[in-house]
Amino acid sequence: MLLVQLARRSPVLLVAPPGTAARGAGAHVRNVAVRSASTSSSPIVSAIPGITEKYESLCDRLKEINQLSGAVAILGWDEQTMMPPGAASSRGQQKAALAAIIHEKQTDENLASLIQELQEGKHLNCEFARANCRDAKRDYDLESSKSKEMAKLEAELEADCFNTWVTARKENDWKAMEPKLKKMFDLKREIAKATRPDLPTYDGALDAFERGMPSSKLDSIFSQLKKDLVPLVKEVTSAKGYKIPPELKDHDFDVKKQAEMCIEIAKDIGFDISRGRFDVSAHPFTGGVGPSDVRITTRYSPKNWAEGLGGTIHEVGHALYEQGRSMEHQDLPVSRALSMGVHESQSLLWERMVFQGRPFWDYATPIIHKYFPHTKDITADELYKAVNHVQPGLIRTEADELTYPLHIMLRYNLEKSLMEDSVDVSCLPKIWNEDMKRSLGVSVPSDADGVMQDVHWNVGAIGYFPSYTLGAMMAVQFYNEAKKQIPDLESKISKGEFGPLKDWLNQKVHQVGSLYASPDELLIAVTGKPLDAGCFMEYLQEKYSKLYSL
């Protein structure tokens, strides 16, 4: 998960139409990418007198806003990792005070004048500059729709709700959580209506993470995915003969050694520890303030070594995106992640395509043996099978690749119903438990392992969950294209040579940031086509049919 302070500032997402129009747009976008990459270091000028100076003034203001937002992000990171519980109230006040200051700067009349005069940068000679103007206007329009009081209340409630969740989950106390969560959904409903009055209420929340992706399209994508996925899950879980060696499931794995191993592998993949750090938190996330300060948290279980390693590689995928963002455009809108789905595509590409791919285990098996000698007789094939074992379970973050989307669809349907006010918060545990039984065949023993397991709603990230499955779909597309463009990619991965893939993603995705107006435009530029949900199901069908000899 990407820390919400970063996620909230995700930029535009406009869905490109399929078919001939999209392919035509793709040809144009490819040209844009080449031209922008070759001219972005040139001075940004305009033939219109005063426009260059106005753009520079706009950038100064946008950088100041982003730097203040960075301070909020560090407070949020500290809140989830280091802060003593007794500081919760004062931390909420600190974040609220900063939120009010940032809101004032985001809605300043002088900023509005600059945005209006620059006319979305149409007189500037640099596409990155035009993207900054485009997204500055959007940010201003959205933020000016909120009052200062609303922005302050939002920050206070997110801090309060998060700290209540930490204790309530530990004590399995849904009654303590319920009233705070009701306030959160009430507030987010109000904000969605205020900032995006032309959209359905849930779409107003979704738009903050996946801009331009209407829930009607998600309904269609998820409906088809569930129709195809449920039979495959049943077929896989009914298959016989898929065995995990006892050395990998019946032994404790020392958490300190797990942490050492994870850091070694993270460095090999390309995480720059001089610009980042590792910590432990209740819910793994990636935070920080940009390319020079990226902070990963994960968690380890002595009974589940794959959770710690897989979770670390997932967060490293987020971190590589953050560390790979443009330094030239740092603190400006164009350097931000294009959407949460795109950001999740990067973490899931490294987790699913690499960590859960067979070539990775030729590299990683000797490292597992080094840290855990009791596994010395375990082969790369056995480790590959172990990390791809399909077993429906309670916890989303521990779910296998095949059943994970079913966890997301449950949360998507619930948060959509809550935002539309068709379901009351008090009904959440009952609906949750019934759906888990119906979709996954799992009985939920407690609210802590059920409706209270995720942090997202408790920090105000309502609308985030669909990004995980959209990201998984994008990851397949990006990786398929990488295999075409990088000679012998999987042979390189098997030798621990991750640099070519990292560099390709830096160039094609990370450094491009929010140059494009939508993930579909980015996907067209990189892969030649917009989001193709069918590729995801084809990938799952092929992989798990082979693994389980279907």
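Start by selecting Glu 143, which counts as buried because its relative accessible area is 14% (buried means under 20%, exposed over 50%, partly exposed in between, using a 1.4 Å probe and protein chains only). Glu 143 sits in helix α6; helices here are DSSP runs of H or I of at least four residues, and strands are E runs of at least two, numbered from the N terminus.

Before going on, a word about what you are looking at. This is a predicted model, in which local features need pLDDT of at least 70 and side-chain atom pairs count only at pLDDT 80 or more, while totals for chains, interfaces and linings use all residues. Residues are numbered from 1 along each chain as its sequence is written, and side-chain values use heavy atoms, with hydrogens and water left out.

**Around Glu 143**

Which residues touch Glu 143, leaving aside neighbours within four places in sequence? Show His 103, Gln 106, Thr 107 and Ala 151: these are in contact with Glu 143, where contact means heavy atoms within 4.5 Å.

**Helices α4 and α7**

Next, select helix α4 (residues 88–106) together with α7; their axes come within 8 Å and cross at roughly 150°. Axes are lines fitted to C-alpha atoms, for helices over the stretch in contact, and angles run from 0 to 180 degrees between N-to-C directions. The two helices are therefore roughly antiparallel to each other (over 145 degrees; under 35 is roughly parallel, 65 to 115 roughly perpendicular, and the rest oblique).

Which way does α4 pass α7, left-handed or right-handed? The crossing is right-handed: a crossing gets that name if the near helix is turned clockwise from the far one by less than a right angle, and left-handed if anticlockwise. To see the contact, colour Ala 88, Gly 92, Lys 95, Ala 96, Ala 99, Ala 100, His 103 and Glu 104 on α4, then Lys 148, Ala 151, Lys 152, Ala 155, Glu 156, Ala 159 and Asn 163 on α7. By class, that gives 7 nonpolar, 3 polar and 5 charged residues. Here Ala, Val, Leu, Ile, Met, Phe, Trp, Tyr, Cys and Pro are nonpolar, Asp, Glu, Lys and Arg are charged, and the others, Gly among them, are polar.

**On to α8**

The crossing of α7 past α8 is left-handed. The contact of α7 with α8 holds 12 nonpolar, 1 polar and 7 charged residues. Among those to highlight are Leu 153, Leu 157 and Trp 165 in α7, and Met 177, Leu 181 and Ile 191 in α8.

**Further along: α14 and α21**

Select helix α14 (residues 340–355) and helix α21 (residues 499–510), whose axes come within 12 Å and cross at roughly 160°. So α14 is roughly antiparallel to α21. α14 passes α21 in a right-handed crossing. Residues meeting here include Leu 349 and Trp 350 of α14, and Leu 505 and Val 509 of α21. The contact divides into 7 nonpolar, 2 polar and 1 charged.

**Loops and a helix stop**

Most residues other than glycine have a negative phi. Now click on Glu 120, in the loop between α5 (109–118) and α6 (127–143): its phi is near 55°, a positive value. Glu 120 is partly exposed, at 39% relative accessible area.

Asp 421, in the loop between α17 (404–419) and α18 (428–440), also has a positive phi, near 65°. Is Asp 421 buried or exposed? Its relative accessibility is 55%, so Asp 421 counts as exposed.

From there, hop to Ile 431 in helix α18, partly exposed at 27%. Beyond neighbours within four places in sequence, Ile 431 is in contact with Leu 414 and Val 423.

**Last stop: confidence**

Colour the chain by pLDDT, the predictor's confidence in each residue from 0 to 100. The average is 90, and 91% of the residues score at least 70. Select residues 4–41, though, and the pLDDT is below 50; this stretch still has 91 contacts in the model beyond near neighbours in sequence.
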